Amino acid sequence: MAQAELVGAELPFHAQLTYGALTSSATSSSQPGSISMEASYSTNNALATTDSTPQAVFQYQPLDPSIREIRLLNLTPTGDPHSDLELSILHTPLETLSFYALSYTWGSPQNPREILLNGIKLQVRVNLFAALKAISLQLDAPVMIWADAICINQNDCEEKGQQVKMMTDIYRTAKQTLIWLGEGDAETDALINAMDVIGSAAFTTGIMKLGEDGAKKWPNLDPEKADLRKAVQKLIRSTANFPILPLTDLSYREWFSRVWIIQELSVAKTVTFVCGSKWIDGNNFIAAFKFGYYWFANEFEPLKNTSGWLIFRIFKMALVLWKHWSYLRTMVQRNQQNKLSIPNPRAATTLGTRKMITPLEFDTNATSSSGLTLMQHMVRGFTLSVGEPLDSSEPKDRIYAFLGISNDRKELGIVENYKEEVTYQHIYAETAKALIRQGNLDILSLCRSPTSEQIERDSRLPSWAPDWTKRMITPCGGFKADGLFKASDGMKDRGPRLEPATTEWNVLAIDGMFVGTASKLGTPWRPSWNDSFDYRAAHVLFQEVEGFVKESGSQCTDTQKQEAIWRIPIGNKEMDSFGQPRRLGPGRGTAYKEYVQMRNLAAKQHKLGEESLMVTQNLPSCLGMLKDMYDARPMLTDNGYVGVCLDCAEEGDEVWILRGAHVPYVLRKSGAGTSRLVGEAFVYGMMDGEVCSTGAALHSLQLI
């Protein structure tokens, strides 16, 4: 029997008792947690097939949803890595047998592998075959495993919908969830060994008590976490060479970007990560990954810190270069090869979700978590402020994967439906309506794609339903929960209300107040997120905003106009000490000083008319807020309001504040009393409920 390569995990099959070959309990079912192997081969439970010959096609028998029936795989030991993989499959009520759940990615359908299922050949994808084979090599006796690709009849849409609805309970009921990251090699073997040691120490230190944005704030944590910061810094000092590059490579593996793994990871009782022949306890893995971010932030903080005397900054930078010269040199080489050198932020967000769903596992002082809403899950999963969006081959799964772990599922009333006649466009529209009913009108701000990336929305979707299959960027005005703006504050009967006048799936009925019509539009402002800052384009933005403000007439006093000129280009926001956007106060502080410097630099660059080296590091707030106003253009309404709208807006479009919305929205008349949503807007003097004092009437609108 092959020797198991086990790394500090509470592994299945009694592996926690020995570092030798894995063992499994096949004792009487009267013993707690054991599996009755007789039931595995019962003719009443096993699936029937049309033929017993090796050439037969495997036939699924229907499950009984009335008793919450599932299928389980009986995986037998495989001592030889080149031998056939043999499994049997059985039906059982969910809570009857003890089993392990497998979390993995389906991977490419190319070059499938064959397994024997109930003695009949069945083709499965390469990644699932590799996962089952790796586990089987560690067994001394059969074990029960649930893997969706085999245990759900993927060709039966009705069954698929029923089983998907149960998946939260399946992973929550499983004794343990095994997370298959893929094949291993010498580098990943060494990485897992290091992560086990570092992760155990980091977990004991209490690193999981630090918030998701702690690495961004580092070392400026909240005062009450001073002792925890010192403990983490001590561990960092004792970790001279953290394997940051191997961790980076691992973090970009496909598992971290699959939409279903959020649920699988979040609700599991315990998790074990498996990479090749190496296994590691889930807590240690997550803690080590989190530590990697803090190690990187701590070691390279002098390279981004621009405060203090120049001589001290130069000294600190030189120290970093001396200490991490090998890493920095390798990073340059990797960049030349188009290989990333910093761990995937999407992986960090994915792993962090487990703490939000099961906080008591990481912090004994935490209170019971109420979880996240569907809206919160969708924002975390698909907006680019947290890395690349999650992915799935089935568009409907971008909604359904989060339903089971959303604390507002019952209120939303969304039901899984995989029938072909119900398109994903219908599902996206149904989801948008359900979220709006619950007060999430800010979902309208996600109904756009980055113009500068030339990504077009699905034309079959109504304009008010986000296209979750496309890349999304955090809205310029943020989300309602951010508390930046409250444009509809003061409206009668606050909160959106869907009128029952229409039952059409692609029509949204909602109320709003009219602000004005866009009469003049400026030049599109499309700052690059990766390239150098375009000062000449910024100069045009500043000049056009100032020109529109001067034309605005009597809507603003002279004092208000002076404020509007510099507040509008940055959306009336600034960056706080932790690098997060916040609403500007009434005075002229750091944000104003940075704007003046930026305006002068932009004017100089415009005058030069050619590229020249500019230092932007000393203007972090202004630079960050300007980039937040991406794909936008200055706007002047016919009644004198000035602001910024999306670059796809046109003259003649209308500006409305919809009931329950935190920002204004631009609408375009479409005929027959309907309008189409263009996108969010920032309108100076209309971001705090002022529309209610203008005497504007409340109108019923129909958006298509």
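The model is predicted, so local features need pLDDT of at least 70 and side-chain atom pairs count only at pLDDT 80 or more, while totals for chains, interfaces and linings use all residues. Residues are numbered from 1 along each chain as its sequence is written, and side-chain values use heavy atoms, with hydrogens and water left out.

Trainee: What is the mean pLDDT of the protein chain?

Mentor: pLDDT is the predictor's confidence in each residue, from 0 to 100. Of the chain's residues, 80% reach 70 or more, and the mean is 83.

Trainee: Over residues 1-54 the pLDDT is below 50; how many contacts does this stretch have beyond near neighbours in sequence?

Mentor: A contact means heavy atoms within 4.5 Å. Beyond near neighbours in sequence, the number of contacts that residues 1-54 have in the model is 126.

Trainee: Is Asn 506 buried or partly exposed, and what is its relative accessible area?

Mentor: Asn 506 sits in the loop between α18 (424-437) and β11 (508-521). Leaving aside neighbours within four places in sequence, Asn 506 is in contact with Pro 462, Trp 464, Leu 703 and Ile 704. Partly exposed covers the range between under 20% (buried) and over 50% (exposed). Asn 506 counts as partly exposed because its relative accessible area is 26%.

Trainee: How many nonpolar residues are in the lining of the largest cavity?

Mentor: On a 1 Å grid over the protein atoms alone, a cavity is a set of points where a 1.4 Å probe fits but cannot get out, and lining residues have an atom within 4 Å of a point. The largest cavity holds about 110 Å³ of space, and among the residues closest to its centre are Cys 476 and Met 629. Ala, Val, Leu, Ile, Met, Phe, Trp, Tyr, Cys and Pro count as nonpolar, Asp, Glu, Lys and Arg as charged, and the others, Gly among them, as polar. Besides two polar residues and one charged, the nonpolar ones in this lining number eleven.

Terms used: 1 Å grid on protein atoms, 1.4 Å probe; cavity = no way out; pocket = protein on both sides within 12 Å on 5 of 7 lines; lining within 4 Å. Points joined across faces, edges and corners; volume = space filled by probe spheres on them. Helix = DSSP H or I, 4+ residues; strand = E, 2+ residues; numbered from the N terminus. Buried < 20%, exposed > 50% of the residue type's maximum accessible area, 1.4 Å probe, protein only.
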